[in-house]
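The notes follow the order in which I checked things.

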Amino acid sequence: MDTRLLHTFTTLARTGSFTAAAAELHLAQSTVTVHIRTLERELDARLFDRLPTGALLTDTGRRLLERAEDVLDAVARLRADGAGTGAVGGRVVVGTPESLCTTRLPGVVAALRTSHPEVDVQLYAGGTAQCVEGLRSGRLDVALLLEEETDFPDVTSEAVAREPLALVCSPGHPLAARADAPAWAELAAESVFLLEQGCSYSDALERRLLAVPGARPRLTRFGSVDAARSCVTAGLGVTLLPLTTVREHLGDGRLVRLGGPPFADVPVRLARHRRRWTSPATQTFVRELVRQLPGSPATPDDHPLAPPDASQASPSASAKS
């Protein structure tokens with residue numbers, strides 16, 4: 001069987017659109033149609049229902065999708081083994097929160113371009129839900145999650161570092177002149193700028209503020225760190241962000257850090273699909289990432305993600321820290 005047909009099949013299953021699959025595969029839409037029809041003929045089964053809204057997997061298609069992904073993983077392993085001890089190369093697609101994408105990962109990519117120029121790293125900013133869906137669909141090879149713990153049946157994760165958080169406001173904000181740290185009741189009376197739903201530390205802060213008796217905090221959610229930071233820099237309220245995203249603003253006096261209440265560092269969790277193979281290029285990226293992350297529990301030579309077989313043998317141990 002031509003593995004190109006399986007690749008087209010898995011891409012169409014993920015995108016749900018012949019047009020989107022053709023664009024991603026750099027093929028004509030008619031070629032995608034021919035690939036699917038050829039595969040259905042070879043398997044003697046209908047894999048998709050063609051609907052006005054797109055392509056929907058049939059029951060048979062859903063059953064065969066996992067096996068098709070296993071075959072493609074096996075082919076990728078075979079090719080990697082055949083490459084022997086040559087230079088590590090290949091594409092690594094990484095999902096990551098915006099804060100890490102703009103602060104931690106540029107240095108990792110720059111280092112790899114020097115040490116492993118054949119490794120092509122592509123970064124996609126997204127929250128936990130988006131990254132987990134990307135791992136499930138195969139769009140992402142690995143993801144970083146800012147979460148205390150994760151519990152997804154098909155995604156394994158492990159804490160590789162911790163990211164400090166900072167509660168900040170502008171120098172002209174009334175809380176900035178306080179000699180003592182503000183209490184929860186005082187924060188609950190402020191305008192607080194948070195990141196979008198699904199950001200673990202923003203969600204935790206919202207829950208804590210709403211738990212203050214009689215409090216009616218003014219909460220505004222943004223899809224980007226820059227938007228929240230800009231509002232606070234303009235003196236409109238306070239925000240809680242990773243320290244790396246406000247360090248420059250603290251250094252030049254555009255923001256000041258409030259003393260409390262205290263916020264625990266949020267873990268940086270490295271996640272991947274439990275069943276899929278981890279390519280040499282992805283392993284190389286992970287090693288460089290762990291080497292550069294501050295406070296990483298692993299040494300540069302350690303691989304913080306267990307091989308697929310090991311993770312399958314003990315799923316519960318990999319799902320939570």
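Below are my entries on one helix pair and on several salt bridges.

**Entry 1: the helix pair**

I note at the start that this is a predicted model. Two packed helices are described by the angle between their axes and the distance between the axes, so I looked up both.

I took helix α6 (residues 105–115) and helix α12 (residues 280–292), which pack at an angle of about 125 degrees. Their axes are 9 Å apart. That angle makes α6 oblique to α12. I also checked the handedness, and the crossing of α6 and α12 is right-handed.

Which residues make the contact between α6 and α12? On the α6 side I listed Leu105, Gly107, Val108, Ala111 and Leu112. On the α12 side I listed Thr284, Phe285, Glu288, Leu289 and Gln292. I sorted the residues of this contact by type and got 6 nonpolar, 3 polar and 1 charged.

**Entry 2: Glu288**

I stayed with Glu288, one of the α12 residues that meet α6. Glu288 forms a salt bridge with Arg291, and the closest N and O atoms are 2.7 Å apart. Both residues lie in helix α12, 3 residues apart, which is about one turn of the helix.

Is Glu288 buried or exposed? Its relative accessible area is 10%, under the 20% cut-off, so Glu288 is buried. Arg291 has a relative accessible area of 48% and is therefore partly exposed.

**Entry 3: other salt bridges**

How many salt bridges does the structure hold? I found 16, and I wrote up some of them.

Asp59 forms a salt bridge with Arg62, with 2.1 Å between the closest N and O atoms. I placed both Asp59 and Arg62 in helix α4 (residues 59–82), where they sit 3 residues apart, about one turn of the helix. For Asp59 I noted a relative accessible area of 49%, so Asp59 is partly exposed. Arg62, at 46% relative accessibility, also counts as partly exposed.

Next I looked up Asp252, which forms a salt bridge with Arg254. The closest N and O atoms of this pair are 2.7 Å apart. Asp252 has a relative accessible area of 43% and is partly exposed. Arg254 is partly exposed, with a relative accessible area of 34%.

Last, I checked for linked bridges. Arg178, Asp180 and Glu186 are linked in a network of salt bridges.

Methods
Residues numbered from 1 in each chain as written. Predicted model: local features only at pLDDT ≥ 70, side-chain atom pairs only at ≥ 80, totals over all residues. Heavy atoms only, no water. Axes fitted to C-alpha atoms, helices over the stretch in contact; angles between N-to-C directions. Helix = DSSP H or I, 4+ residues; strand = E, 2+ residues; numbered from the N terminus. Parallel < 35°, antiparallel > 145°, perpendicular 65-115°, else oblique. Left-handed = near helix turned anticlockwise from the far one by under 90°. Contact = heavy atoms within 4.5 Å. Nonpolar A, V, L, I, M, F, W, Y, C, P; charged D, E, K, R; others polar. Salt bridge = Lys/Arg side-chain N within 4 Å of Asp/Glu carboxyl O. Buried < 20%, exposed > 50% of the residue type's maximum accessible area, 1.4 Å probe, protein only.
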